[in-house]
Amino acid sequence: MRPRGENAAGGMGQRDAVVVGLDLVFYWVTDMDRAARFYRDLLGLTLLRQDGGSWAEFEAGGRRFALHGVGEGQTVSPGGATAVFSVVDLDRARASLSSRGVESTHDGDVEGYARFASFEDPDGKTFQLIEYVRPQAESSPEVHGPH
């Protein structure tokens with residue numbers, strides 16, 4: 001017997017779901033202007049808005065990615081979540097970043113699914129670029145449920 005509200009795939013039904021979608025992902029940064037330039041100029045994300053040194057928000061292929069400035073005297077801790085940005089041609093993207101002094105820290109692949117490369121932003125936060133073997137459909141609970 002399934003727990004109340006759980007569907008056949010093991011997830012919560014839409015009616016009982018606590019979360020309705022991913023709003024955005026943000027990274028804490030020590031220097032907003034430097035970080036905003038990095039994501040806008042090197043990665044090519046579209047800057048939607050910037051509120052001084054406290055917030056910058058980007059459009060990232062139908063999703064939002066943001067930067068949040070730390071307060072006076074605070075530092076940014078390494079680690080945490082990793083933003084993964086899809087690319088059409090990983091080799092071209094890696095070469096473009098390399099020509100601007102941003103080298104990959106780790107490359108890998110999932111046989112028959114995708115290739116990826118990891119990098120670090122100016123605050124040492126990891127981000128990845130990923131090239132899928134086949135274009136990915138929009139995420140949906142039916143296709144991309146919990147594993």
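In this predicted model, D23, R49, D51, E57 and R64 are tied together in a network of salt bridges. One is with D51, where the side chains meet at 2.5 Å, N to O. The other is with E57, and here the closest N and O atoms sit 3.7 Å apart, a pair that still counts because the cut-off is 4 Å.

E57 is down at 7%, so it counts as buried, given that the buried class covers anything under 20%.

Searching the whole structure turns up ten salt bridges. Among them is the pair D91 and R94, whose closest N and O atoms are 3.2 Å apart. Both residues belong to helix α2 (residues 90-99), and because they are three residues apart there, about one helical turn separates them. D91 itself is partly exposed, its relative accessible area being 41%. As a general point, side chains of opposite charge can pair when their charged atoms come close.

G71 sits in the loop that runs between β4 (63-69) and β5 (83-86), and with a relative accessible area of 31% it is partly exposed. Between G71 and V29 there are 42 residues of separation in sequence, while the C-alpha to C-alpha distance is 9.7 Å.

Technical notes
Residues numbered from 1 in each chain as written. Predicted model: local features only at pLDDT ≥ 70, side-chain atom pairs only at ≥ 80, totals over all residues. Heavy atoms only, no water. Helix = DSSP H or I, 4+ residues; strand = E, 2+ residues; numbered from the N terminus. Buried < 20%, exposed > 50% of the residue type's maximum accessible area, 1.4 Å probe, protein only.
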